[in-house]
Every structure is written in C-alpha cells, then in structure tokens.
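Work through the exercises below with the sequence and the model side by side. Try each task before reading its solution.

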Amino acid sequence: MNIQIFGKSKCFDTKKAERWFKERRIRFQSIDLGKVGISPGELKSVLNAVGLEALIDPKHPDAALLSYLAYDADKAEKLLEEPRLLKTPIVRNGRQATVGYHPEVWQSWS
C-alpha cells in the first residue's frame, strides 16, 4: 500500500484519519494542502475515483462561486489554484481514493 493523506493542518477529520492509520501501523505520506497543494496528476486521479462534487468543501465560504463555473475543467482548475476549497481528508491508495473520514473503506484496502 502507498497511502497518501491530503489534508489541512487544522482539519479534525484529517487528524482522525492520520490517527487511524498510525494505530494500525500502516505507513502513509501526509501532505498539507495549505503549504504544498495537490499536483494536477494527483487531482486527476482523485477526480476519477470520487468525482468532482465529492471534492468540493461545501463549508468553505467560496464554494458557492464554483457553481457559477460552467465547465468541470474550469472547476478542477480552480481547485488546483485554491486547494483550500477541497474537502479533506483526501486519502489516496494508488487509483483508489476517498474524501472525508471513511475507515470502513480503508479497512478493505489492507
């Protein structure tokens, strides 16, 4: 397994996800979206796994602005520019991915 956890430093669910993997002694790479962001290839992989709507954080103040963009490609571009709009944690294992806290799915990966 090659687990990556994309999250925000102050996100409670991201911390819960990291703790879940630590408790099971599963190695993972933690990526802070606020500092590093997400690469276009990684975003495309996650988009293919979960879809665009699952990636948008509805609690973010600017999330409503994405609904005014006509094309999904424009929305994805905006998510690359503003990674704070992404819902976290994004947990990725190769081509598989989840958005949010989903230990039942992660259990099936091991």
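Predicted model: local features only at pLDDT ≥ 70, side-chain atom pairs only at ≥ 80, totals over all residues.

**Exercise 1.** Decide whether K8 and D57 form a salt bridge, and find which parts of the chain they join.

Solution. Step 1: the cut-off for a salt bridge is 4 Å between a side-chain nitrogen of Lys or Arg and a carboxyl oxygen of Asp or Glu. Step 2: the closest N and O atoms of K8 and D57 are 3.5 Å apart, so the pair is a salt bridge. Step 3: K8 lies in the loop between strand 1 (3-7) and helix 1 (12-23), and D57 in the loop between helix 3 (52-55) and helix 4 (63-66), so the pair ties together parts 49 residues apart in sequence.

**Exercise 2.** Classify K8 and D57 as buried, partly exposed or exposed.

Solution. Step 1: buried means under 20% relative accessible area, and exposed means over 50%. Step 2: K8 has 22%, so K8 is partly exposed. Step 3: D57 has 14%, so D57 is buried.

**Exercise 3.** Where do D13 and K16 lie, and how many residues apart are they?

Solution. Step 1: both lie in helix 1, three residues apart, which is about one turn of the helix.

**Exercise 4.** Locate T88 and state whether T88 is buried or exposed.

Solution. Step 1: T88 is in the loop between helix 5 (72-81) and strand 3 (90-93). Step 2: its relative accessible area is 8%, so T88 is buried. Step 3: beyond its neighbours within four places in sequence, T88 contacts several residues, including K8 and D13.

Notes: Residues numbered from 1 in each chain as written. Heavy atoms only, no water. Helix = DSSP H or I, 4+ residues; strand = E, 2+ residues; numbered from the N terminus. Buried < 20%, exposed > 50% of the residue type's maximum accessible area, 1.4 Å probe, protein only. Contact = heavy atoms within 4.5 Å.
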